[in-house]
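Student: Could you take one part of this model and walk me through it closely? I would like to see how its pieces connect.

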Amino acid sequence: MTGLSASQLAIRSTGIGASEVGAICGLSYYGDDGLDGQRLGGPHSVYLRKRGLVASSPQTVATRLGHVLEHGVSVEYEYETSVALAPLLDSNNDPLTMRHPDYPWALASIDRVRTVDLIPVEIKCVTGKRSHYSDGDPCDWCGRRAAMHWGYGEASVPDDVLAQVQWQMFVCGAPWAHVCRFWAGNDGPEFEIHTVKRDDQIIEFLFKKVRAFWFDHVVVGIPPEPDASTNSELCERLHAQKVLRKLEKAP
């Protein structure tokens with residue numbers, strides 16, 4: 001699969017997609033190259049892309065194979081649940097980007113929907129070791145807290161993926177969603193389906209953060225402060241009401 005089409009890029013420049021919400025809220029594990037090759041993460045890198053100051057990340061072997069694996073994972077989902085899945089496509093046969101009916105800057109591209117009830121299904125293909133992950137403590141390998149990683153059981157969905165799926169439910173009006181994960185790593189392969197219920201408290205938190213980012217920065221062309229992903233994550237953990245993990249607000 002190639003990169004995004006011109007029409008897809010044009011649509012995504014008019015709002016904030018679900019996969020960008022985690023970065024805006026300081027929850028994303030990943031960063032992008034900024035101006036002059038500077039490595040940035042969090043809301044600043046999203047701002048640069050939305051304003052057309054940097055190009056979108058190019059396709060890599062990992063991203064191309066991820067798209068290919070989505071089909072295979074969806075087949076396994078259908079086998080496990082006896083429910084058919086279908087991609088949402090636009091008139092150009094590209095993945096459909098949905099808009100919230102009341103907030104046209106709120107966008108979401110959903111991997112698949114269940115044909116029986118149109119419930120969104122987010123597909124994740126994960127690789128690598130996870131023996132170094134530990135609940136509550138920073139990861140010995142990369143220094144990030146456990147909530148930023150895939151782990152074991154129902155509570156293992158990382159914060160950035162939870163933010164992504166809650167935003168999808170906000171845009172399309174779904175009461176719940178499935179996160180379908182295929183783990184192809186040293187401790188795999190594994191296949192798990194996690195149910196994520198719509199949480200209006202989380203959605204309200206995300207909405208306020210994303211709306212302020214869109215209108216106070218992107219629309220008016222005022223960049224947020226450059227901040228590496230770790231700093232953005234730390235800021236959120238210490239100063240924001242982290243409803244995603246029900247943590248108390250820091251004094």
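Tutor: Happy to! Let's begin with strand 7, which is mostly covered: 6 of its 7 residues are buried. Buried here means under 20% relative accessible area, exposed means over 50%, and partly exposed lies in between (1.4 Å probe, protein chains only). Helices (H or I, at least four residues) and strands (E, at least two) are DSSP runs, numbered from the N terminus.

A word on the basis: this is a predicted model, where local features need pLDDT of at least 70 and side-chain atom pairs count only at pLDDT 80 or more, while totals for chains, interfaces and linings use all residues. Residues are numbered from 1 along each chain as its sequence is written, and side-chain values use heavy atoms, with hydrogens and water left out.

Now the partners of strand 7; two strands pair if DSSP finds at least two bridges between them. With strand 8 (residues 176–183), strand 7 pairs in the parallel sense over 6 bridges, and there Ile123 stands opposite Cys180. Strand 6 is joined to strand 7 by 2 bridges, and these two run antiparallel; Val113 has Pro120 of strand 7 as its bridge partner.

The hairpin of strand 6 and strand 7 has 5 residues between the strands. Leu118 lies in this loop, between strand 6 (112–114) and strand 7 (120–126). Its phi is positive, near 60°, in a residue other than glycine. Most residues other than glycine have a negative phi. Leu118 also counts as exposed, at 59% relative accessibility.
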